[in-house]
Amino acid sequence: MRVDDDGRWSIGELAERAGTTVKTVRFYCESGLLPERERSGGGHRRFGPEALEQLRLIRSLRGLGLALPQIRPILDAHDPGPDRDDLYAYEEEGEGGEEAAADTAFADAVAQQLDTLGGQLKALRWQEAALRLVQQSAPRERAATLRLVGSLGSPPTTDAFARFWRGWLPVRMPAKATSAFLEAAVPQIPDAPRPGQVLAFARLHAMVSRPCSPARPTQPAAHADAGPREVAGLYAGLAEAYALAGVQLRAGRAPRPGEALDGFVDTYARVRQRRDTPAFRRDLARLLAGDPRLDGYWELVTEVITPAGAHPEPTPGSAHDWLQAALDDDVAQRAA
């Protein structure tokens, strides 16, 4: 590559060698990304060969979608210098401090851009599934479907679900136990949702956004007598029982006595300071039968989290129903 006799290029010469426009070079100069070597006697910018490598690096990073604030740390960490004619020569010089800093700056910028793109792709996939849902809706249902899904973001958040469950859980619930419960109870939005999953999520969102009626109890009776420690023990024990029941549900097994049911009953027994006896099991079955139901919520959650064509994924609600049915059968068999 030929350099002018004075070893400097004008802005037009630099733009020509880089295959870009003078306007672009001037923009990067004014943004502080492309330093000029000096000014001519007439006040014109003059550049050295290193500016060409710097400009190529900027354009490559811009081609990958990185914004100027993301590019600046990379340029600050990696300055090819006037004697470099290979953009990636630093890779051959070992793990020096300058090279390590440049590599770290580049890795951080790429990771940030990948996170940004991931969010954008997730939003686009949600919008596509939502539009297909509206497109597939019957004409008389289209307006209602559009209102239902159009009121959500792209993709929507799960903030309303967290607020719903925080209001439903006991006020004495320890923060760690609350977080563990929310992780299990709040459905995560699929990365590539089907139209049916969009509809189920939208219906769930509408359900949890409605105010609860004060005349209608929403919490299980087991909450009433439990202190903070008992509440934490209750939900930790139930989570273990639900996990065991989930194995049975995935295998398609009908409710039955066993390890899952024993752990389920024992959890309630410890909270209520009772022993697992036939009498306690009868009392527990009656207690659970009177608890408020959230079946509609868990049915929609199942639709949201189950992949296409797969067996329905267990939820805390379906696991609880399986265990309650197993308890009812066990009580009935003991009474026979």
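**Helix packing in a predicted model**

Helix α7 crosses helix α8 in a right-handed manner. For α7, which covers residues 159-168, and α8, which covers residues 175-185, the angle is about 130 degrees and the axes lie 10 Å apart. The two helices are therefore oblique to each other, because an angle over 145 degrees would be needed to count as roughly antiparallel, and 65 to 115 degrees to count as roughly perpendicular.

Which residues of α7 and α8 meet? On the α7 side they are A162, W165, R166 and W168, and on the α8 side T178, F181, L182 and A185.

A second pair of helices can be read in the same way. Helix α3 spans residues 49-63 and helix α4 spans residues 68-77; they pack at an angle of about 140 degrees, with 10 Å between their axes. That angle makes α3 oblique to α4. The crossing of α3 and α4 is right-handed. From α3, the contact draws on Q54, L57, I58, L61 and R62, while α4 contributes L68, I71, I74 and L75. In the contact of α3 with α4, 7 residues are nonpolar, 1 is polar and 1 is charged.

T20 sits in the loop between α1 (11-18) and α2 (22-30). Is T20 buried or exposed? Its relative accessibility is 18%, and residues under 20% count as buried, so T20 is classed as buried. Leaving aside residues up to four places away in sequence, T20 touches A15, V25, L55 and R59.

These local views belong to a chain of 336 residues, of which 40% are buried. Its secondary structure amounts to 14 helices and 3 strands. Among contacts in the chain with a separation of 6 or more, 68% are between residues 24 or more positions apart. Finally, the accessible surface of the chain is about 18800 Å², and carbon and sulfur atoms account for 52% of that surface.

Conventions. Residues are numbered from 1 along each chain as its sequence is written. This is a predicted model: local features need pLDDT of at least 70, side-chain atom pairs count only at pLDDT 80 or more; totals for chains, interfaces and linings use all residues. Side-chain values use heavy atoms; hydrogens and water are left out. Axes are lines fitted to C-alpha atoms, for helices over the stretch in contact, and angles run from 0 to 180 degrees between N-to-C directions. Helices (H or I, at least four residues) and strands (E, at least two) are DSSP runs, numbered from the N terminus. Angles under 35 degrees count as roughly parallel, over 145 as roughly antiparallel, 65 to 115 as roughly perpendicular and the rest as oblique. A crossing is left-handed if the near helix is turned anticlockwise from the far one by less than a right angle, and right-handed if clockwise. Contact means heavy atoms within 4.5 Å. Ala, Val, Leu, Ile, Met, Phe, Trp, Tyr, Cys and Pro count as nonpolar, Asp, Glu, Lys and Arg as charged, and the others, Gly among them, as polar. Buried means under 20% relative accessible area, exposed over 50%, partly exposed in between (1.4 Å probe, protein chains only). Accessible areas come from the Shrake-Rupley method with a 1.4 Å probe; for residues, only the protein chains shown count as cover.
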